[in-house]
Amino acid sequence: MSAQDTVGFLVDHMKSARSDQPREGKPVFWLGAGCSAHDGVPLNAELLRLAMPDDRGTWGSPQYRFDVFCDNLGADRADFLAPHITRPLRPDSPYHGLTRLMRAGYADVVFTFNIDDLLEQAFQAAGLRERVDYEVVLVPELLPDVVARRISPRHGPRLRIVKLHGDHRWGINYMTSTEITRYPEAIRKAVETWSGQPAVVCGYSFFHLNVLEAFSRKGSYMVYANLQFPDAPMVLSLMSARNPKSAWFVDGDLGSFGGFVAALEEGLMP
């Protein structure tokens, strides 16, 4: 199945599922760090390089030193991370296109593993108002048993941004290796339930253990869009479990977040 064929399949499905009301069967988008790279937010390796410069007098990998440092920061993480994560939304950001698709009724819910606020900026640039037109669900700040109810578009506005790992502005987020080991059970169940719906995964490598453990192996189709075709066994195994007869991968320029969203807009809103 070619990348273009996969996009065509997804466009056809999104056309059939479109509604101005919350509706099961619409694809749920899952966004990783690759989606924010266009707007200048560094990927993990670059973030570690910037945040934890190499020091011959210290022991351990950049990730290990980052974990130890951040585990002891608490809410002071906000000031520590802000210079690296805070970016203005660019006029050509793919988040604008995703916002247009959501406003048009092609999707209701986005789960993001990113702690930046680029999607919120895109919503605001489109004139959408928080708590009136959309809700932001900051998962680490909620009691686990409340999360599932807050995600559902049946309660309040149709549009939902679910920030599974929090927001850098408040310093309350899942960032370190200890924090991403496993979700609390109620959150794990919410991730499993929502990921069992049609899933569109963009720019994400599944390198968080809590996500890989919770993401549903069953349910509807999964489309995976990324600049590079995945070679990690966890992604290939997950795709095989979800789509045993078809591999819905989109790679190359079409798999970049910008190329992918533009292709969806072309197919759905020419």
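Which residues is Val41 in contact with, leaving aside its neighbours within four places in sequence? In this predicted model, where local features need pLDDT of at least 70, side-chain atom pairs count only at pLDDT 80 or more, and totals for chains, interfaces and linings use all residues, Val41 is in contact with Ser36, Ile85, Arg87, Asp116 and Leu118 (contact means heavy atoms within 4.5 Å). Residues are numbered from 1 along each chain as its sequence is written, and side-chain values use heavy atoms, with hydrogens and water left out.

Val41 is found in the loop between β1 (28-31) and α2 (44-51); helices (H or I, at least four residues) and strands (E, at least two) are DSSP runs, numbered from the N terminus. With a relative accessible area of 8%, Val41 is buried (under 20% is buried, over 50% exposed and in between partly exposed, with a 1.4 Å probe and protein chains only).

Another loop, between α7 (144-151) and β4 (159-163), holds Arg158. Is this residue, Arg158, buried or exposed? Its relative accessible area is 13%, so Arg158 is buried. The side chain of Arg158 makes a polar contact with the side chain of Asp108 at 2.7 Å, and also reaches the backbone oxygen of Ala107 at 3.1 Å. A polar contact here is a pair of N or O atoms within 3.5 Å; within protein, one must be able to donate a hydrogen and the other to accept it, and residues adjacent in sequence count only if both atoms are side-chain atoms. Not counting residues up to four places away in sequence, Arg158 touches several residues, including Ser19, Lys26, Met102 and Pro153.

Now to the helices. Two packed helices are described by the angle between their axes and the distance between the axes. Helix α3 (residues 62-71) packs against helix α4 (residues 77-85) at an angle of about 140 degrees, with axes 10 Å apart. Axes are lines fitted to C-alpha atoms, for helices over the stretch in contact, and angles run from 0 to 180 degrees between N-to-C directions. The two helices α3 and α4 are therefore oblique to each other (under 35 degrees is roughly parallel, over 145 roughly antiparallel, 65 to 115 roughly perpendicular and the rest oblique). Phe66, Phe69, Cys70 and Asp71 of α3 make the contact with Arg77, Phe80 and Leu81 of α4.

Helix α5 (residues 94-103) and helix α6 (residues 118-125) pack at about 60 degrees, with their axes 9 Å apart, which makes α5 oblique to α6.
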